[in-house]
Amino acid sequence: MTHVKILHGYTKDNLNLQGFHWESALKKTCVILIHGMSENIIENYFAEILGDQLSESGYGFIFGHNRGFGHINDIRTLDMEGDKTVRIGQIYERFQECSYDIDLWINQAKNIGYEEIILMGHSLGCNKIIHYLVHNQNNVSGIILASPPDMVGLSKLQKYQPNYDEMLIEARKNVENGDCRKILHSMLWEWYFISSQTFLDLCVDGSFADNLPLLRNPDVFEELSQIHIPIFAFMGEHDDIIIRSLKDDLNLIKQKATSCTDFDLSILDGANHMYVNKEYELSNLVLRWLKKRFAND
């Protein structure tokens, strides 16, 4: 039976986050999953199946919550004067602070004793690990991009966000007036309430999260082009984050990863963005890539 432990740790900016560790007795390679917008371990079923499958195959797995878990949350802080919290969640998250969260889980994996770290991002988590790798010293051996999105393209395309221009004007006005945390009147993709500053961090050309700019397609994807370690990118056949087509989007990401000489891509038949009812197929996909690149013997 797979053994799962709950992890606790503090980020460099003193937030207390929880993670879940599927153990491997080999202590060689560990996959760390950085989740997407508002996700959490309770609702992310594919992560549970993936953790079981990886652990049974000799790979460690950590699902580490980041400050963007849940639509809104209250995270405990390290405060010697008493028990205090800060309200963040997907609504208020600042994208560039993702490095603190990823750093925490990499350090946890190293402290457990793992020799080799593979970062896996899902959805916005893909943008986060790309940003992290470029701006932080690390010993990461490879990355997995599950459903990598063009956050700005998904916001600007009429079919996804028809009132983008109005939201942008409102967000900029609120920030200029010093009301960065004011929630926009419209929901993002008819699903997410979002604060003004968070919208600007995620959904504007040149913003912190704009590192997979498939829609505007510049000559160079500045951050992606600096990654030289092996990359595995895949999407579900029925994913709802497509800019051009599944094949075109994945091939463009591969083309723009100009420093990477070991890039694999795949499309998972019948899968949606959250890989519902395709959790075992996702796990097999990841395992095949890991076994080919990172033997655990």
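Student: Before we start, what counts here?
Tutor: It's a predicted model, where local features need pLDDT of at least 70, side-chain atom pairs count only at pLDDT 80 or more, and totals for chains, interfaces and linings use all residues. Residues are numbered from 1 along each chain as its sequence is written, and side-chain values use heavy atoms, with hydrogens and water left out.

Student: OK, H6. Which of its residues are buried?
Tutor: Tyr164, Met167, Leu168, Glu170, Ala171 and Asn174; buried means under 20% relative accessible area, exposed over 50%, partly exposed in between, with a 1.4 Å probe and protein chains only.

Student: Why do they line one face of the helix?
Tutor: Looking down the axis of H6, the buried residues fall within an arc of 165°, so they line one face. That arc is taken from the directions from the helix axis to the C-beta atoms.

Student: And what's exposed on the other side?
Tutor: Asp165, Glu166, Ile169, Lys173 and Glu176.

Student: What do the buried ones pack against?
Tutor: Helix H5 (151-156) and helix H7 (196-203), with contact meaning heavy atoms within 4.5 Å. Helices here are DSSP runs (H or I, at least four residues) and strands are too (E, at least two), numbered from the N terminus.

Student: Switching to H1, what do its buried residues pack against?
Tutor: Strands S2 (16-22), S3 (29-34), S4 (60-64) and S7 (116-122), plus helix H9 (279-293). Phe46, Ile49 and Leu50 are among the buried residues of H1.

Student: What follows H1?
Tutor: Gly58, with a positive phi near 95°. After H6 comes Gly178, with a positive phi near 80°.
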